[in-house]
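Thanks for coming, everyone. Please have the sequence and the model open while I talk.

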Amino acid sequence: MINETLKLTGQVTVLLNGRVVHKINNLVVTDGKEYVASRIKDASSTVMSHMAVGTGSTAAGSSDSALGAETGRVALTSTSVAGAAVTYAATFPAGTGSGALTEAAILNGSSGGTMLCRTVFSVVNKQAADAMTIQWTVSAS
């Protein structure tokens, strides 16, 4: 009997004004797993294109489909593949997504869209003049 399991995991690095403030794991949500399965079949689903941040503090759960309290969303600045890992990066410039941020997600729309993964972290106080970059790696193992 063959017993294989495909597992999707991730690591998120949050930088505020170029300084690492958090390195945390993420949760690939059910919608994200279904998205990956649909992409294996064909390319009819829109690619992951945006990252969002917010102030929600509810723990990430597999049924999540949106952030708890989204405060900003930007287009990804880069997406790269190395082996079985995809790395997404996005920068929230001054004036975008400011506040006491505690959550982030990757989605495939400039609004709404399918959520691939979500993470919750300790507060990052992003002031209006701050720039924040998030680097997010999702690995299949």
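First, the ground rules. This is a predicted model, where local features need pLDDT of at least 70, side-chain atom pairs count only at pLDDT 80 or more, and totals for chains, interfaces and linings use all residues. Residues are numbered from 1 along each chain as its sequence is written, and side-chain values use heavy atoms, with hydrogens and water left out.

Let's start with strands. When I say strand, I mean a DSSP run of E, at least two residues long, numbered from the N terminus. Two strands pair if DSSP finds at least two bridges between them.

Look at β5, residues 78–82, and β6, residues 85–92. They pair in the antiparallel sense, over five bridges. Together they form a hairpin, with two residues between the strands. G83 sits in that turn and has a positive phi of about 60 degrees.

Which strand pairs with β6 over eight bridges? That is β9, residues 132–140, again in the antiparallel sense. Now follow A89. In β6, A89 is the bridge partner of S78. In β9, the bridge partner of A89 is Q135.

On to the cores. As background, nonpolar side chains tend to be buried together in soluble globular proteins. By nonpolar core I mean a set of buried Ala, Val, Leu, Ile, Met, Phe, Trp, Tyr and Cys residues joined through side-chain atoms within 4.5 Å. Buried means under 20% relative accessible area, exposed means over 50%, and partly exposed is in between, with a 1.4 Å probe and protein chains only.

The largest nonpolar core here has 26 residues. Which of them touch the most other members? They are M51, Y88, L116, M132, I134 and W136. Apart from it lies another core, of six residues, among them L67, A105, L107 and M115.

Take one residue from each. For contact, I use heavy atoms within 4.5 Å. Not counting residues up to four places away in sequence, M132 touches V14, L15, L16, V53, A90, T91, F92, L101, V124 and K126.

M115 belongs to the six-residue core. This residue is found in strand β8. Its relative accessible area is 0%, so M115 is buried. Leaving out residues up to four places away, its contacts include D64, L67, A105 and L107. T46 is 69 residues from M115 along the chain, and their C-alpha atoms are separated by 11 Å.

Next, charges. Side chains of opposite charge can pair when their charged atoms come close. A salt bridge here is a side-chain nitrogen of Lys or Arg within 4 Å of a carboxyl oxygen of Asp or Glu. How many salt bridges does the structure hold? Three.

One joins D64 to R118, with the closest N and O atoms 2.7 Å apart. That pair links distant parts of the chain: D64 is in the loop between β3 and β4 (70–75), R118 is in strand β8, and they are 54 residues apart.

R118 also forms a salt bridge with E103, and there too the closest N and O atoms are 2.7 Å apart. E103 lies in strand β7 and R118 in strand β8, so this pair ties together parts that are 15 residues apart in sequence. Put together, D64, E103 and R118 are linked in a network of salt bridges.

R118 has 2% relative accessibility. E103 is at 0%, so E103 counts as buried too.

There is also E70 with R73, at 2.9 Å from N to O. E70 is partly exposed, because its relative accessible area is 38%. R73 counts as buried, at 18%.

T119 lies in strand β8, residues 115–126. With a relative accessible area of 2%, T119 is buried. Its side chain reaches the backbone oxygen of N25 at 2.9 Å; a polar contact is a pair of N or O atoms within 3.5 Å, where within protein one must be able to donate a hydrogen and the other to accept it, and residues adjacent in sequence count only if both atoms are side-chain atoms.

Last, N17. It lies in the loop between β1 and β2. Most residues other than glycine have a negative phi. N17 is not a glycine, yet its phi is positive, at about 55 degrees. N17 counts as partly exposed, because its relative accessibility is 48%.

Conventions: Helix = DSSP H or I, 4+ residues; strand = E, 2+ residues; numbered from the N terminus.
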